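Here's a quick tour of a two-chain model. Have the sequence and the structure open as you read.

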Amino acid sequence: MTEASTHSRVVILDFGSQYTQVIARRIRECQVYSEIVRFDTPAAEIAALKPNGIILSGGPASVYDKGAPQIDAEIFSLGIPVLGICYGLMLMAHHLGGKVVFTGRREYGAGMLHINNGSELFDGLGNQLEVWNSHGDEVTALPKGFRVVGTTEGCDFAAVEDRQRKVYGLQFHPEVAHTPRGREVLQNFLFRICQCAMDWTMGSFIEEA
Amino acid sequence: MGDQKLVLGLSGGVDSSVTAALLHKAVGDQLTCIFVNNGLLRAREEEVVQRVFGENFHVRLKYVDASERFLALLKGVTDPETKRKLIGNEFIKVFQHATEELLEQDRQNKARKHGGYKFLAQGTLYPDVIESVSIGGNPAQVIKTHHNVGGLPEKMHFELVEPVRQLFKDEVRQVGRQLGLPKEIVYRQPFPGPGLAVRILGEVTPERLSILREADTIVQSEMEAADWYYKVWQSFAVLLPVQSVGVMGDQRTYENTVVLRIVESQDGMTADWVRLPYELLARISSRISNEVKGVNRVCYDISSKPPSTIEWE
C-alpha cells in the first residue's frame, strides 16, 4: 500500500453488504482510489488514512439486533464527509439520535425517488430518480440537524443530509446497475462534496505497483 | 510453480474458458482442462463444449462422464444447500480421480513433464465469493453456496488458483474479448455449476431431468430464433414440484409446472425480469406444453433481484 500517496481516497466501511465490492468498483470507474476496511475500524485509524470521504456500506443486520455490527461513532465527528447507504444510513440515524424501526413497509427492487430541498447529492438529476431498493427496516425519526432530501413511496426518509456535519444517508442503492443514474449520485458525493480528484487510473496503478 | 502441473475445471462457460486462456498463456502445457459431465447438463452440452473448446484452444482436455455418480448421490435429496454441497464435494473427488489417471498417462508419455498435479484452477468470480462466504471478517450472510467456493471440502489435495476471483462477469467478458475468444464463449449466458439440479426444485430424478432438458431446449432455441438470446442476461426454465389440473383434448391431466425465468442484468448483482414480447412468451409457452410430455402449465417469473435471486435455488 502506498501510504504516502497523494491520491484522493475514499474509505468504505464494510458492514457485510452484497454490494460492497460494487461500491468500490463504481468509485474505481470514477477514477478515484478507494479502500475497503472492516466495519469496526476505529475512527483514529480511519483519520490516519486521510480520506476525502467515507462510505458506509449496507448490510444484512438490523441496527438493534444483538451483535449487529456497530460503528465507531467518532467517525461522524472527524469533519470528513460520510455517505451511509441503507444499513449505513440506519447506523447514522441510530448513533446520532434518530430512530430506526421495522415498520413492515419493506421495499425491494425498483422504486422512484422524489427529490426535494436541493441536495448537492442530486445536482443535475432533476426531481425524480429511478432507484433500486433492498430494505426491511426504515428510519422513522431523524437526528437533530438532519433534513429530508428525497422520499419514495414506501420510505419518508429515503435520502437525508446534515450539511453542517457533511453527513449524508441514502436508503436506496446508488451503486447497483439498476439505479441507472446512481453513478451520478456517487460522482456528486465524490467530486462536489468530498472534493476528490480524478487521479486513479490503470496507468497510475501500474506506475505505483 | 516449477514442474508442478495444473488442472482446470472447465464448464464451457465464459469464466472457466477465460481462466483457461489466461493460464495457458502463463504456464503453457502444464495446464490440462477437465470437463466433467455431472449428468446435470443441458441437452447435448457435452458435445457442444468439447467441439467449441477444440476449435478455440490448444490445451489438453480430459472428458469425464460422471453422470451416474452424481445422480446416485442426489437420490432423495431435496434441500437446495445440501444439493449444492454434495455436488461441490463430488466434483473434487472426480477431479482427484481424473488427475490420477492423467498422472498415469504422463508416466507412459515421456514427452510430458513429470511433476504432480498440485493446483486446481477455477473460474470463480467475485459474485460467487460474495454470495458464498463472508470476506475478510465482514458480517455478510451466506445467500447460497456456490459449488466452487463454499461447496468445496475443507480438506483437499489441491491448492486453488482463481485468477478472476476479483472480477465481475462483465469484466471477465472484457478480458475474454481481449484474449480473442469467440462470441459464443464470451457472451454465453451464465449457467450454474450445480447445473440443472438447482433448476429442479425438490428431488432430481432422471425423469425430471429429461422434462427440464426438453423445456430448456425450447426456451434457448426460441430465444435465439427471435434474436433475444444475447440481449438478456439469462433465459431458462425451472421445473417446480407442483402439479396442477389441466385439460388436454377433453382429458383431465394432473401434471407439472414449468417456470420461465428471463432476466436482464449488468453484473449479476441485481437483476430484473425482461419485458419480453407477449408473442414470444406465448410461443415458448405453447411449445412447452405441446411438446414436453408431463407439463401442462407454464408460468413467467416476474420477480426482480432482490428480493428474489436469479436462480430458484
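## Where the chains meet

Chain A puts 22 residues into the contact and chain B puts in 18 residues, with two residues in contact if their C-beta atoms, placed from the backbone, lie within 7 Å. On the side of chain A that touches chain B, α1 (20-29), β6 (107-115) and β7 (128-135) of chain A supply at least two residues each. Helices (H or I, at least four residues) and strands (E, at least two) are DSSP runs, numbered from the N terminus.

That side of chain A splits into twelve nonpolar, seven polar and three charged residues. Here Ala, Val, Leu, Ile, Met, Phe, Trp, Tyr, Cys and Pro count as nonpolar, Asp, Glu, Lys and Arg as charged, and the others, Gly among them, as polar.

## About the model

This is a predicted model: local features need pLDDT of at least 70, side-chain atom pairs count only at pLDDT 80 or more, and totals for chains, interfaces and linings use all residues. Residues are numbered from 1 along each chain as its sequence is written, while chains are lettered from A and ligands numbered from 1 in the order in which they are written.

## Chain A

Chain A carries five helices and eleven strands, and its C-alpha trace spans about 50 × 35 × 30 Å along the principal axes. Of its 209 residues, 52% are buried (20 or more other C-beta atoms within 10 Å of a residue's own, all placed from the backbone).

## Chain B

The domain assignment, automatic or from a database, gives chain B domain 1 (5-186) and domain 2 (199-300). Eleven residues from each of these domains of chain B form their contact.

Definitions and conventions: Buried ≥ 20, exposed ≤ 12 C-beta atoms within 10 Å, placed from the backbone.
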